[in-house]
Amino acid sequence: MCVGFPGKVVSFREDGSVVTDVGGVQRVAYLDLLDEEVRVGDYVISHAGFAISKLDEEEANKRLELLGELMDANDETR
């Protein structure tokens with residue numbers, strides 16, 4: 001199973017891709033698959049190096065909270 005993580009767009013690169021912040025980790029995401037305008041401060045779901053959807057901050061925070069809970073539960077089972 002693959003999971004796409006919500007990341008906050010922190011900057012644009014010269015090649016048109018964006019740098020996203022996911023829990024303090026910065027990753028590059030290409031926008032080729034999106035048909036929506038993306039700005040610094042927006043949230044996108046990235047998978048395999050491509051932004052696959054845009055979401056609002058409230059939804060991004062809900063998903064990040066859920067992912068945190070899943071990771072905590074996984075740590076407890078180890």
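Trainee: Which strands each supply at least two residues of the lining of the largest pocket?
Mentor: S1, S2, S3 and S4 each do that. Strands (E, at least two residues) and helices (H or I, at least four residues) are DSSP runs, numbered from the N terminus. A pocket is an open set of points on a 1 Å grid over the protein atoms alone, where a 1.4 Å probe fits, with protein on both sides within 12 Å along at least five of seven lines; lining residues have an atom within 4 Å of a point.

Trainee: OK, and which residues line the largest pocket?
Mentor: Among them are Val-3, Phe-5, Thr-20, Arg-27, Val-28 and His-47. The space in that pocket is about 190 Å³, counted as the space filled by probe spheres set on the grid points, which are joined across faces, edges and corners.

Trainee: Before I get carried away, where does the model come from?
Mentor: It's a predicted model, where local features need pLDDT of at least 70 and side-chain atom pairs count only at pLDDT 80 or more, while totals for chains, interfaces and linings use all residues. Residues are numbered from 1 along each chain as its sequence is written, and side-chain values use heavy atoms, with hydrogens and water left out.

Trainee: Back to the strands, then. In what order do the 5 strands sit in the sheet?
Mentor: The order is S3-S2-S1-S4-S5, in an open sheet with antiparallel pairing. Two strands pair if DSSP finds at least two bridges between them. S3 and S5 (50–55) are the edge strands, each pairing on one side only.

Trainee: How many bridges join S2 and S3?
Mentor: There are 5, linking S2 (residues 18–22) to S3 (residues 25–29) in the antiparallel sense. Val-19 stands opposite Val-28, and Val-22 has Val-25 as its bridge partner. In their hairpin, with 2 residues between the strands, Gly-23 takes a positive phi near 60 degrees.

Trainee: And the helix, which strands does H1 lie across?
Mentor: H1 (residues 57–76) lies across S1 (5–12), S4 (43–47) and S5, at about 125 degrees to S1. Those axes are lines fitted to C-alpha atoms, for helices over the stretch in contact (heavy atoms within 4.5 Å), with angles running from 0 to 180 degrees between N-to-C directions.

Trainee: Last one: how much of the chain is buried?
Mentor: Buried residues make up 27% of the 78, where buried means under 20% relative accessible area (1.4 Å probe, protein chains only).

Conventions
Buried < 20%, exposed > 50% of the residue type's maximum accessible area, 1.4 Å probe, protein only.
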